[in-house]
Amino acid sequence: HEKWAGHRTYWMVAEGDPFRLLFGNGLPKAAEQCKLEIVNKNLIAVMMPFNGDPNIDPVFKAIEQGAEHVGKDAKRVDQIKTPTDITEDVRNLICSAYAVVADITGMNSNVVYELGFSHGKDKQVILLKQDGLNSLPFDLSHQRIIEYTKTKDGLDALERELSKAIESLS
């Protein structure tokens, strides 16, 4: 009779393999993504809170133009129009991208999840944050972050700084 117990958590699996019990016959669906990934060297995946149509969102426009200056195409998941699972679209966009730009303004939970997934897939990530770098979580506080303001001058500066950051990626 095989037993496995977590003394600190007070739960246990009385029989069998705990990994198989939790995950079935393999890894969770998210971990299976990107097995046969084909990276588009011109694609930059953009993870950010949605503030409306990407065609008129001024922050996305600055990101898009910054990427265009160095020959890259910035894309948000809401620009994908296929009738598929959105979470799967996010993972596929990240997997197929050369790099990821993540706007952590407001620490949106979806963006934080997507940032973690990007790191787990060893993607090059450029972080952005609006109006100050106060109160960042420990795991992000040591990383370089492009700070911006949502003014004409601030978005122009974001565009320039993002172009430099993308250009510096290996």
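Hi everyone, let's start with the inventory: the protein has 7 helices and 7 strands. Please keep in mind that what you see is a predicted model. Reading from the N terminus, the order of elements is β-β-α-α-β-α-β-α-β-α-β-α-β-α.

A few overall figures before we zoom in. The protein has 170 residues, and 38% of them are buried. If you take contacts between residues at least 6 apart in sequence, 61% of those join residues at least 24 apart. The exposed surface comes to about 10,400 Å², with carbon and sulfur atoms supplying 52% of it.

Now, on to α3, which covers residues 58-68. Which of its residues are buried? They are Val59, Phe60, Ala62, Ile63, Glu64, Gly66 and Ala67. And what covers them? The cover includes the strands β3 (40-47), β4 (73-76), β5 (97-103), β6 (124-130) and β7 (145-148), along with the helix α7 (152-168).

Let's stay with α7 for a moment. The axes of α3 and α7 are 8 Å apart, and the two helices pack at an angle of about 40°. That angle is why we call α3 oblique to α7. The crossing of α3 past α7 is right-handed.

Next, have a look at the start of α3. There, Asp57 brings a side-chain oxygen to within 3.0 Å of the backbone nitrogen of Val59. The side chain of Asp57 also makes a polar contact of 3.1 Å with the side chain of Arg76.

That takes us to Arg76, which sits in strand β4. Is Arg76 buried or exposed? Arg76 counts as buried, because its relative accessibility is 0%.

Finally, a quick stop at α4, residues 86-96. At the start of α4, a side-chain oxygen of Asp85 comes to within 3.1 Å of the backbone nitrogen of Thr87. The buried residues of α4 are Asp89, Val90, Arg91, Leu93, Ile94 and Cys95.

So, if you take one picture away, let it be Asp57: at the start of α3 it reaches the backbone nitrogen of Val59, and its side chain is in polar contact with that of Arg76.

Key. Residues are numbered from 1 along each chain as its sequence is written. This is a predicted model: local features need pLDDT of at least 70, side-chain atom pairs count only at pLDDT 80 or more; totals for chains, interfaces and linings use all residues. Side-chain values use heavy atoms; hydrogens and water are left out. Buried means under 20% relative accessible area, exposed over 50%, partly exposed in between (1.4 Å probe, protein chains only). Helices (H or I, at least four residues) and strands (E, at least two) are DSSP runs, numbered from the N terminus. Contact means heavy atoms within 4.5 Å. A polar contact is a pair of N or O atoms within 3.5 Å; within protein, one must be able to donate a hydrogen and the other to accept it, and residues adjacent in sequence count only if both atoms are side-chain atoms. Accessible areas come from the Shrake-Rupley method with a 1.4 Å probe; for residues, only the protein chains shown count as cover. Axes are lines fitted to C-alpha atoms, for helices over the stretch in contact, and angles run from 0 to 180 degrees between N-to-C directions. Angles under 35 degrees count as roughly parallel, over 145 as roughly antiparallel, 65 to 115 as roughly perpendicular and the rest as oblique. A crossing is left-handed if the near helix is turned anticlockwise from the far one by less than a right angle, and right-handed if clockwise.
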